[in-house]
Amino acid sequence: MGVRKRMKDQGIGNEFRSEMESLIEQLQEALADAIRSTDDRPALPPDADAALQELSEPLPHEGCGALQSIKKLLELNAKAGANTGGPKCFHFVMGGSTPASLAADLLATAYETVTYAWIVSPVGVRMEIQALNWLKEMFGLPASMTGIMVTGATMANFVCLAAARQWWGEQHGFDVSETGLAGVGQMPVLTSGFVHASTLKVLALQGVGRANIQQFCRDDFGRLDYPAMETALQELDDQPALMIVNAGEVNAGEFDPVSDMIHLARRHNCWVHVDGAFGLFARVSPRVSHFVEDVELADSVTVDGHKWLNVPFDSGYAFVRDHGLMSRAFRYTADYLPPVDDPRPTLGAIGPESSRRARSFAVWATLKAYGREGHRLIVEHCLDIAQHFAAQVRDSNSLELMASVTLNIVAFRFNPGGLEDEELDKLNQKLGESVLADGRFLVGTSKIGARTIFRPAFSNWRTREQDVEEFSRVVNELGQGLL
Ligand SMILES: Cc1ncc(COP(=O)(O)O)c(C=O)c1O
């Protein structure tokens, strides 16, 4: 009997209840397989595009039922699912999931938890506040900062810059969230060349404009030209401005001079925002915490969970010193919604999303399960892995380190000798494509100045020394094949 007929004959409620029941066994098996195979699935299955062609079919009229559709999904995922939680994914900056966070996240979905306001999930909302309090403790941020969970660092930057823009308007005597930006001048935005693309996107979305950012660079890597920034601030003569400090850039994991910039901002009329999407985790280990000294003095801070906290996608956090600015920027009221002064929190009224999933479950569960110490060990494990890989590069005759290894990213290139820089750029670009086509590792290329580099980022507890040793062998092997 077709699904539509059963739904009609037995009623949707009866049909779906019995279908859910029969799904449980299939789901248990699929989850066990997914989790157990994480170390071994290819990072990127070859020919994923070809395998996905069968996705393009017309909308089914009848439908095949849940068991069949999930079976098909598993088949497609086996052929074309990137193993981004696996030990051999070094692309972008991606973490794995700790056992507690993965289990909690699955439960958040199974319980269909919504964390818009206390009334729809007392536990999800209170857990979010508690988990954010723990994160503040772990990162040494002031307890008085207000936090909010969002989809990732892009949206955390969005929250922080919306608060900054609100502050800037209020400094000029108007409420940006009410009157908008039309007819007023532009908020000055100052940063280094390390600024992340997501900040530019946010400036575009918030009507400030990508091109309105001033980047002060002393070299072609983008390192801060501090004197030039200082002069620009002096010229602003105490007009309010936004300073963006980049704690961890994506090509080599370098930092802006966080403490110096924050103190410079404090001597001028600046809102100082720190993008610490992954770099803020330096705070967790005494080995590297000096890179983010004084971050607690910032007005707003971005950090990601799906990077180095090792919780499932998607999960990022914004922390803002002035709660009032967040609630004015994100005000959300209607007669059917909870009142603004409700003593029970309405998280949907201090951030961009109204309905929102319970990211809190995973964050709370991992911090409860492993504590400050467990998370320090995850961070230091990745620092060690980065150093171990850097040692492989140094020991190889055909790999070359392209920057010193500050944190968890190793910038390097394949350099067999005898080639000019421009030839090496082309070779490494091609090699980047070969590595992805090979599928054993998922890793990206980028540029430092004009030079093409590989930039593996290590942020997953699963990655082992043997994985990075194999990675250096694979790059060598594929590189030699291109000569
Ligand atoms: C410094 C920095 N900021 C922001 C982002 C954007 O993060 P997400 O993809 O979580 O939105 C990233 C991502 O790599 C990043 O490294």
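Is the crossing of α6 and α13 left-handed or right-handed? The crossing of these two helices is left-handed, where left-handed means the near helix is turned anticlockwise from the far one by less than a right angle, and right-handed means clockwise.

Before going further, a word on what you're looking at: this is a predicted model, in which local features need pLDDT of at least 70, side-chain atom pairs count only at pLDDT 80 or more, and totals for chains, interfaces and linings use all residues. Residues are numbered from 1 along each chain as its sequence is written.

**Helix packing**

Helices (H or I, at least four residues) and strands (E, at least two) are DSSP runs, numbered from the N terminus. Axes are lines fitted to C-alpha atoms, for helices over the stretch in contact, and angles run from 0 to 180 degrees between N-to-C directions. Here are the pairs side by side:

| Helix pair | Axes come within | Crossing angle |
|---|---|---|
| α6 (residues 122-139) and α13 | 8 Å | roughly 30 degrees |
| α13 (residues 359-395) and α15 (residues 465-481) | 9 Å | roughly 30 degrees |
| α7 (residues 153-171) and α9 (residues 197-205) | 9 Å | roughly 50 degrees |

Angles under 35 degrees count as roughly parallel, over 145 as roughly antiparallel, 65 to 115 as roughly perpendicular and the rest as oblique. That makes α6 roughly parallel to α13, and α13 and α15 are therefore roughly parallel to each other too, while α7 is oblique to α9.

Who touches whom? Two residues are in contact if their C-beta atoms, placed from the backbone, lie within 7 Å. On the α6 side, G124, M127, E128, Q130, A131, W134 and M138 meet S360, F361, V363, W364, L367, R372 and H375 of α13. By class, that contact has eight nonpolar, four polar and two charged residues. (Ala, Val, Leu, Ile, Met, Phe, Trp, Tyr, Cys and Pro count as nonpolar, Asp, Glu, Lys and Arg as charged, and the others, Gly among them, as polar.)

Helix α13 crosses α15 in a right-handed way.

**Around the ligand**

The ligand has 14 residues around it, and G152, A153, T154, H196 and A277 come nearest; a residue counts as near if its C-beta atom, placed from the backbone, lies within 6 Å. The shell holds six nonpolar, six polar and two charged residues.

Most residues other than glycine have a negative phi, and most peptide bonds are trans. A cis peptide bond joins F313 and D314, with omega about -5 degrees; D314 is in the loop between β6 (300-304) and β7 (316-320). D47 has a positive phi, near 60 degrees, and belongs to the loop between α2 (12-36) and α3 (48-51).
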